[in-house]
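Here are my notes for a first look at this model. Please keep the structure open beside them.

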Amino acid sequence: MAVVVAERLIGFVAALYRAAGLPEADAALVADSLVRADLWGHSSHGVMRAPWYLDRIRNGVMKPVTQANFLVDGGAIAVLHGHDGVGQVIAKMAMDSAIERARKHGVGIVSVRESNHHGALGYFTRMAAAAGCIGMLVANGSPAMAPWGGRKKVVGNNPWSIAAPAGRHAPMMLDIANTSVARGKIFLARQKGQPIPDSWALDKEGRRTTDPVSALEGVIQPMGEHKGYAISAMMDVLAGALSGSGMLTEVSGPYQAEKRSRSGHFVMALNIAAFGLLPVFEDRIERMIAELKAAPRAEGVEEIFYPGEIEARNESRHLAEGIDLPANTVLDLRQAATHWGVAFPEEWQA
């Protein structure tokens, strides 16, 4: 493991993306979004993914200069075509637009067509929370699980996030996929050389496995059995079918460097002030958090957390103490630096 300073890591990753042809502001956005996931403790969506996105740029399936444009501009709703641009850039453009529309109409919804993977969804829904809105973001992904009762990968894990301001607390935030675990966590286990719980996935023969390599070759289990499958299918309705993007097996993942993503997004912002006074809402959320945390604890539980609290605490700790990067992630970043002609930080060499 290497312990790295967040600011230094952001600067390095941004330099990689500038070398790959991204404009300076876009490179900074991608770097910040990836490092933010590491700060939150979601390393499965952190800088581990940086080389994947770079490979997609190198192969021409993701364009370094994003030229998204609105196909529909209908007041509260819009359709944004990403034209295979950088996922984070498109997602930010969509959320910025949804927030602006919500300020005018109470609600803003942007349906995004032909985008790319954009890392942790909570990065973008928290933008809405910071603007006094409730934010929601849905994305569809490459096949990860079988339809309930099937044994072939057809349905993506199709993650979704909701975030809301929480007064004196860090925002309430949900950011989940519909599989029993995000596939990125299995990639992270592979990076660390660690086994996975046998409830996460089946190998290609349909048997439970603790080997992350076998899991990635097989099928990830849905959360809540049939419920996770049904939720994921409906998320594809919002992100894929509604936007005119790929659906189900038409979508490719960020690690498939030779294939267009065809991912779609559903982005929504609700202007809280249009429903009532924002301070009143924030007071209600503070009361909700207090009641959640005051609930009697189960045996062995030291504290109850509200959604988003663990990420906020991790961010504070990692900003102070640094981020732990697995040795294999450091190696992948060093190789990317060599390819793109970017200086690799000497302090990470060990």
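1. Start with S44, which sits in the loop between α2 and α3 (50-58). Helices (H or I, at least four residues) and strands (E, at least two) are DSSP runs, numbered from the N terminus. S44 has 2% relative accessibility, so it counts as buried. Buried means under 20% relative accessible area, exposed over 50%, partly exposed in between (1.4 Å probe, protein chains only). Leaving aside neighbours within four places in sequence, S44 touches R49, G184, K185 and L188. Contact here means heavy atoms within 4.5 Å.

2. A word on the source: this is a predicted model, in which local features need pLDDT of at least 70, side-chain atom pairs count only at pLDDT 80 or more, and totals for chains, interfaces and linings use all residues. Residues are numbered from 1 along each chain as its sequence is written, and side-chain values use heavy atoms, with hydrogens and water left out.

3. Next, the helix pair. Helix α2 (residues 24-40) packs against helix α5 (residues 122-130) at about 95°, with the axes 10 Å apart. Axes are lines fitted to C-alpha atoms, for helices over the stretch in contact, and angles run from 0 to 180 degrees between N-to-C directions. The two helices, α2 and α5, are therefore roughly perpendicular (65 to 115 degrees; under 35 is roughly parallel, over 145 roughly antiparallel, the rest oblique). From α2, L29, D32, S33, R36 and W40 meet G122, Y123 and R126 of α5. The residues of this contact divide into three nonpolar, two polar and three charged. Ala, Val, Leu, Ile, Met, Phe, Trp, Tyr, Cys and Pro count as nonpolar, Asp, Glu, Lys and Arg as charged, and the others, Gly among them, as polar.

4. Now the sheet. It is open, has seven strands with mixed pairing, and runs in the order β2-β3-β4-β12-β5-β8-β9. The edges are β2 (69-74) and β9 (169-176); each has a single partner strand, so one side of each lacks a neighbour in the sheet. Two strands pair if DSSP finds at least two bridges between them.

5. Look closely at β12. Eight of its nine residues are buried, so β12 is largely enclosed by the rest of the structure. Strand β4 (residues 107-115) pairs with β12 (residues 263-271) in the antiparallel sense over seven bridges. V112 stands opposite H265, and I109 opposite M268. β5 also pairs with β12 in the antiparallel sense, over seven bridges. There, L137 stands opposite V267.
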